[in-house]
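Trainee: Please take me through one part of this model, slowly and closely. Then show me how another pair of elements packs.

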Amino acid sequence: MADTSIPLEINHLHKSFNGNPVLNGLSLKAQKGDVITLIGASGSGKSTFLRCMNLLEMPDQGELIVHGEAIGFKVDRKGQRQPEDWKQVERIRARLSMVFQNFNLWPHMTLIENVMAAPVHVLKMPKAQAREKGMALLKRVGLSERASYFPTQMSGGQQQRGAIARALAMDPEVMLFDEPTSALDPELVGDVLHVMHELADEGRTMIVVTHEMDFARDVSNHVMFLHQGLIEEQGAPGDILTSPRSERLQQFLAPRY
Amino acid sequence: MEQLSTLWQPVLSWMNGNDIFTPNTFEMYWSGLVNTVHLVFVSLVIGLIIAVPLAIARGSSNLWIRKPVWFFTYLFRGTPLLIQLYLAYYGFAFIPGIQDTWLWFFLEDPIYPALLAFTLNTAAYTTEIFHGAIQSTPRGEIEAARAYGMNRFTMLRRIVLPSAFRRALPAYGNEVIFMLHASAIAFVVSITDLTGAAYYIYARFYAPFAAFLFVAVLYMALSFSIQGLFKYLEKRLLGHLKPQS
């Protein structure tokens, strides 16, 4: 029976691109307050796995359950899997916020407009309320004085913190982070990780694809190591990052220089 | 005051002494200017209104929506505007019985066939400009909109179109100036636009240079004001795309 207390549950997810299998039956269960990091070499499928969670990629097989509500699928005339009801998908997407590697702020809007857009146009929140909330969130991520700037007028780190504020504005039940620091200059990574650390501390459910091993070790409570579309090893960061059992994870964690 | 009138004196005496720049011809130029601006403005506005839904339809995944729009733009961009104007002006008269209907009231006057041809022509070009801009919307902007639960309509209205229109602005500014210059052919269906006025004065006084140079200057003034307007709009609406130092 579906358990409504579990924010996100995924069972046996499969996905292939043009016949090349990328995900080969992945499962994940995120309890409330979990911070799960997905690590693995590039091409291991971790980003695709994350993008399947809000259906930016359509999984070929597998179950997706958000707070006990399973997403219905059907097969269209071309034999492609489609959601049964796009409205359900939109509703569920609004409950899972995503933070992208390349920020993907909308460039024609100022920062505060970016933060307000989804609450106003998707959740139908009154504008004044959304603005007030947005300003409070921008203050949280240290960007109140940048509210009326356009994304191109800000550094990468500021854009990414702005994108996190945009994600928070939806009061998401699960936050999905797709390599949030990979496109940043090294000196800007710290600010973004600091914000994410705070979010974890206040008990937000987060799923983070990352190459930041320090973050995985210090912040997350569960680490999944992916290899060739399968979960090679998973567990508490203290265990699997300090004493990896599989050879692949040992290789992955070995110092590179 | 004294000085001013001495400055003006040569101009006034020159105007009194020539046949070509008289209050009479100025009135002709003026009505030509009004006709040109009217023709271009109305066809641009209606063309723009038509082009927005067509540009969206042009990129539809449904073949039956996409192809007719493609055909329309192909047709109007593939033939000279002059031919379209002739067809609109002369063509309707050959439809059996049309001269007995109320439509003839409009079609008899050359301004309506000209408006029709100009409107459809600019609509076709504008459709392609907007279509290109919509297609070139960065993937990330669309993914972010989808990831935040926007439906297709909201995404189109709040993200894709505002972003695309801004990017299309420079190209559309060109189209507006093109249209202004293309409107110079309206005089062949006996509309007294700017060129028509110049042609009349040329024929009347056999003074081609005075007449055509003068309208050239008027067209130029119009072009520059349009350019100025678009420069202003680009500065206001496209400032966000400028890389900051």
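Mentor: Start in chain A, where strand β8 (residues 96-99) and strand β9 (residues 174-178) pair in the parallel sense over 4 bridges. Strands are DSSP runs of E with at least two residues, helices are runs of H or I with at least four, and both are numbered from the N terminus. Two strands pair if DSSP finds at least two bridges between them. This is a predicted model: local features need pLDDT of at least 70, side-chain atom pairs count only at pLDDT 80 or more, and totals for chains, interfaces and linings use all residues. Residues are numbered from 1 along each chain as its sequence is written, while chains are lettered from A and ligands numbered from 1 in the order in which they are written.

Now look at single residues. A:Ser97 has A:Met175 as its bridge partner in β9(A). From β8(A), A:Ser97 and A:Val99 point one way, and A:Leu96 and A:Met98 the other. In a regular strand, side chains alternate between the two faces of the sheet. All four of these residues are buried. Buried takes 20 or more other C-beta atoms within 10 Å of the residue's own, exposed 12 or fewer, and partly exposed lies in between, with C-beta atoms placed from the backbone.

Next, the side of chain B that touches chain A. Here 20 residues of chain B are in contact with 21 residues of chain A. Contact needs C-beta atoms, placed from the backbone, within 7 Å. Helices α7 (139-147) and α8 (152-182) of chain B each supply at least two residues of that side.

Technical notes:
Contact = placed C-beta atoms within 7 Å.
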